[in-house]
Amino acid sequence: MAEVAYFTKEGLEKLKQELQELKTTGRSTITKAIAEARDKGDLSENAEYDAAKEAQGLHEAKIAQVQETLANARLLDESKLDLSKVLALSIVKIKNVSNGATMTYQLVAESEADMKTGKISVISPIAKGLLGKKVGDIAEITVPAGKMEFEILEVSR
């Protein structure tokens, strides 16, 4: 059984658009590739045909994965979330205790994570260490580089 994933409205829409694109554009591209490979002759010795069929299988698996994610997706109502502590969808400003560097992250579903925009997955080590903490708390988080301490400076939505 798949895990329930929580999404923002924006993230859920993005996932639905991805599924639509996979079902339409993606399938038609693969169908054309299979047809072109089939036109080249003997299918028993046709590497292009085999590759196109394999790509089709992988594509259908991706569609099934996105459909499963959507089936288990839950939309979070940000207006009802507790602002006093770090939860999914929280925007958290933290300070590295050892070097004083400050960072701001939003904790989002794994499929919405994008480090360039400051969105980290709630299942990442940093997010797991921050969940449930309040402003002023020190979170000791084990990351690949070792243990780090972060002070929670601000929690918002």
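## Helices, strands and the overall fold

A helix here is a DSSP run of H or I with at least four residues, and helices are numbered from the N terminus. Lys 128 sits in one of them, helix α3. The model is predicted.

The protein chain holds 3 helices and 7 strands. Their order along the sequence is β-α-α-β-β-β-β-α-β-β.

## Overall shape

The radius of gyration of the protein chain is 22 Å, whereas a compact globule of 157 residues would have one near 15 Å. Along the principal axes, the C-alpha atoms fill a box of roughly 70 × 35 × 30 Å.

## Surface and charge

The protein chain has about 9900 Å² of accessible surface, and carbon and sulfur atoms account for 52% of that surface. Of the 157 residues, 30% count as buried.

The largest nonpolar core has 14 residues. Val 86, Val 92, Ile 94, Leu 107, Leu 130, Ile 141 and Ile 152 have the most contacts inside this core. Five elements each give it two or more residues: β3, β4 (102–108), α3 (125–130), β6 (138–143) and β7 (146–156). A second, separate core has 9 residues, including Phe 7, Leu 12, Leu 19 and Val 66.

Among contacts between residues at least 6 apart in sequence, 51% join residues at least 24 apart.

## Leu 107 and Leu 89

Set aside residues up to four places away in sequence, and Leu 107 still touches Val 86, Leu 87, Ala 88, Leu 89, Ser 90, Val 92, Ile 120, Val 122, Ala 127 and Leu 131.

Leu 89, one of those partners, lies in the loop between β2 (73–75) and β3 (91–96). Leu 89 has a positive phi of about 80 degrees, although it is not a glycine. Is Leu 89 buried or exposed? Leu 89 has a relative accessible area of 1%, and buried means under 20%, so Leu 89 is buried.

Is Lys 128 buried or exposed? Its relative accessible area is 54%. Exposed means over 50%, so Lys 128 is exposed.

Lys 128 is in contact with Val 122 and Ile 123, leaving aside its neighbours within four places in sequence. Thr 142 is 14 residues from Lys 128 along the chain, and the C-alpha atoms of the two are 10.0 Å apart.

Key:
Residues are numbered from 1 along each chain as its sequence is written. This is a predicted model: local features need pLDDT of at least 70, side-chain atom pairs count only at pLDDT 80 or more; totals for chains, interfaces and linings use all residues. Side-chain values use heavy atoms; hydrogens and water are left out. The radius of gyration is taken over C-alpha atoms; the globule rule is 2.2 Å times the number of residues to the power 0.38. Buried means under 20% relative accessible area, exposed over 50%, partly exposed in between (1.4 Å probe, protein chains only). Contact means heavy atoms within 4.5 Å. Accessible areas come from the Shrake-Rupley method with a 1.4 Å probe; for residues, only the protein chains shown count as cover. A nonpolar core is a set of buried Ala, Val, Leu, Ile, Met, Phe, Trp, Tyr and Cys residues joined through side-chain atoms within 4.5 Å.
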